[in-house]
Amino acid sequence: MTERLSICLIGPKKGGKSSLLASLVDCVAQSAFGYSPRLRPALQPITEAEYFAESAEPKKANLLSVEQGDYERLRREFAEGGLATDTLDTYEYRFRLTVNGEAPPAAVLRGPWLLEIIDSAGEIAVPPDGAEVAILNDVKAKLARQMLEADAIVIVLPLVRLEDSGWSGNLARLIDRLALAPEKKLKRLVVVFSQYERLFARLGPSAFTYACDPAVALHALRKSLRAAQWLDRLRALEAPNGGASVRFTVCSAYGFVKRFQNPNIDPHQPGERRFRRAGLEGARAYNEYWRPFLTAEPFLYAALGLDSAFTFSYAQLDARIEEIA
Amino acid sequence: MRIAAPNGDETAEISLERLHYGKLAFGATLRVPATAGYGVTLRSCNLQPADDRLLSPPRLMALRRFEPDLVDPASRRRGSFIARVAPEPNSRRAIFLRARFRPEDGESGHGRLYQQSAVWSVSAADWRQHPAALLAMADSELDALPDLVTEDEATRYNAAPARYLVRFIDPRDVWSALEDALKATHWATPTLEFLARGAETGKDATLTFGADDFASETEFLGAVGLALQFLPSSYPRWREISVVSGLLHAPQGLCLRYLPSLRAAARATPVAA
């Protein structure tokens, strides 16, 4: 049975929403997630026509087709250093998700899933506090409608700049409004802290080992949540009264370097670039070293409702606090 | 408005409304501060916030989204350019747009790119009467530069329209220059044929020139300005004409386009598609 799901990506500008999305398919393809490898998910970008078609079966001709379209362009822009998403529209990317391996029957029987992931500029939903940002009214209205109609929302927050953020007031107000909106269809909400690799910048080749420990992620999340008390407002969205399940996770679109295992930010290149093979251009130059980290987590949870080793509920985050108390 | 210039030539005053979309910047390299987000950063006093949508770059370029790979590689620094009657039905204004992607960490930076654009809006009647002068002005003065963080917001959202005096060109001078171009250049004949055929058939078409036809955008805009200046006032598809430079996408209608990366190896003659 085919299930169509709409997932809205929101968060402050420069938080890594588009990078998270751009690395999603590679993360699934490289099994760089915290789910069991036996889950064997597969994710394929599809066109708008395929998304709305009656049948969710992939067309035979697609077997040999070269990836093109908006998502491929997004991946290319990510490879070339990124592009700030403009505020002139919201942008939809569509995928076909299947689970080919072991999963709870309740999950497997529902598939395949056709996902519509909505990306937008951070300035639209989470403008800087106190700033008058001239955003087109129809774009704001479109994103508001998409958020209310979304089955899941993924909030992307940069992990390393949370304390000095200039947008927490507006995000807190957005969460409050969302909690009070009776017409929302929200079933799942995932808060993902991006740029996780930067926490391990000084650990060199040990970085990946520490990053792969869910206990380290849990510790990092607890620390971040202590610095962002306003995120407690998300409890109002939780079932049974709020009707949604809330999860927290971490991710890194740049990830850790294959084989060398250090954070994938090349200090010898200008700007913030990943390590690359000299003499090659575009995505090919990065593929030898690039392995994203957990960027599939928020989307797989949003679609399947399955927890991985790196998705944490409020109950899990609260557990240690209760122990201490 | 016609004004008699001191030397006896007739001139007209053209008023240009301005709108900038992008991010505010600071410093010599025009670096974008971390706090600056996208928005309309300058709007002339005679434009309304409701005009922001009508003058948004993708709409003017007839695109769903303006993307870096739509900019000709040789035009990346200055950006793509388009001049046309505004696309809304029965529009009484013409627009000139310069749009590009520039690094957030300054003009020669290597950081994340963002979209910066500048739009001029003039009356469609002025565009019809003075295409050569307006294209020359746009070539020399329309740049997609960010506004400064230090500039007062009230001033930026209440900017005075730019005003220029342009000289009416004697049609005999236009014909004389075009006659020379017909003899000495490769662009004049295909351009005039393209416009004539467009009027006859009513079909959408694009005439693309490359680096072998014009050494620079300035030359291209000068040539197209001359050809458009030559068109009779009764030309039926004037509103459908667009002049495009450095953009790999061509709007519907009659599009005269320059792609500086296009060379003769890619095609033997200008292509009417």
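1. Let us start with the lining of the largest cavity in this predicted model. By class, that lining has nine nonpolar residues, two polar ones and one charged one. Twelve residues take part, written 12 in the count, and those nearest the centre of the cavity are Leu88(A), Leu136(A), Tyr21(B), Val40(B) and Asp52(B). The space inside is about 60 Å³. In total, the structure holds five cavities of 30 Å³ or more.

2. The second largest cavity has a volume of about 40 Å³. Its lining is made up of Asp70(A), Tyr91(A), Glu92(A), Tyr93(A), Arg64(B), Arg65(B) and Glu67(B). Sorted by class, these residues give two nonpolar, no polar and five charged. Strand β3(A) gives the most to this lining, with three residues, and you will meet β3(A) again in point 5 as a member of a sheet.

3. Three elements of chain A give two or more residues to the lining: α1 (17–22), α4 (70–79) and α6 (122–125). The largest share, five residues, comes from α1(A). By class, the lining of this pocket divides into 15 nonpolar, 14 polar and 17 charged residues.

4. The second largest pocket has a volume of about 650 Å³. Of its 22 lining residues, Glu80(A), Pro68(B), Arg76(B), Phe101(B) and Leu113(B) are the closest to the centre. The elements that give two or more residues here are α4 of chain A together with β5 (93–103) of chain B. Strand β5(B) gives the most, with four residues. The lining of the second largest pocket has six nonpolar, five polar and 11 charged residues.

5. In chain A, do look at the open sheet of seven strands, whose order is β2-β3-β4-β1-β5-β6-β7, with mixed pairing. Its edge strands are β2 (41–46) and β7 (245–250), each of which pairs on one side only. On average, neighbouring strands of the sheet are turned by 25° against each other, direction ignored. One pair to follow is β3 (residues 91–99) with β4 (residues 113–119): they run antiparallel and are joined by seven bridges. Within this pair, Arg94(A) stands opposite Glu116(A) in β4(A).

6. Helices pack on this chain A sheet as well. Helix α7 (residues 137–149) of chain A touches β1 (3–10), β3, β4 and β5 (152–158), and its direction makes about 130° with that of β1(A). Helix α10 (residues 214–227) of chain A touches β6 (188–194) and β7, and the direction of α10 makes about 110° with that of β7(A).

7. Over in chain B, is strand β10 (residues 254–258) enclosed or open? Five of its five residues are buried, so β10(B) is largely enclosed by the rest of the structure. Leu254(B), Leu256(B) and Tyr258(B) point one way from the strand, while Cys255(B) and Arg257(B) point the other way. Strand β8 (residues 205–209) of chain B runs parallel to β10(B) and is joined to it by five bridges; here Leu207(B) has Leu256(B) as its bridge partner. Strand β9 (residues 241–245) of chain B also runs parallel to β10(B), again with five bridges, and the bridge partner of Ile241(B) is Leu254(B).

8. A helix pair in chain B deserves a look too. The axes of α6 (residues 171–184) and α7 (residues 188–201) come within 7 Å and cross at roughly 115°. From α6(B), Leu178(B), Ala181(B) and Leu182(B) meet Ala188(B), Thr189(B) and Leu192(B) of α7(B). The residues of this contact divide into five nonpolar, one polar and no charged.

9. The C-alpha atoms of Arg167(B) and Asp152(B) are separated by 34 Å, the two residues being 15 residues apart along the chain.

How values were computed
Residues are numbered from 1 along each chain as its sequence is written. Chains are lettered from A and ligands numbered from 1 in the order in which they are written. This is a predicted model: local features need pLDDT of at least 70, side-chain atom pairs count only at pLDDT 80 or more; totals for chains, interfaces and linings use all residues. Side-chain values use heavy atoms; hydrogens and water are left out. Buried means under 20% relative accessible area, exposed over 50%, partly exposed in between (1.4 Å probe, protein chains only). Two strands pair if DSSP finds at least two bridges between them. Axes are lines fitted to C-alpha atoms, for helices over the stretch in contact, and angles run from 0 to 180 degrees between N-to-C directions. Contact means heavy atoms within 4.5 Å. Ala, Val, Leu, Ile, Met, Phe, Trp, Tyr, Cys and Pro count as nonpolar, Asp, Glu, Lys and Arg as charged, and the others, Gly among them, as polar. On a 1 Å grid over the protein atoms alone, a cavity is a set of points where a 1.4 Å probe fits but cannot get out, and a pocket is an open set with protein on both sides within 12 Å along at least five of seven lines; lining residues have an atom within 4 Å of a point. Grid points are joined across faces, edges and corners, and a volume is the space filled by probe spheres set on the points.
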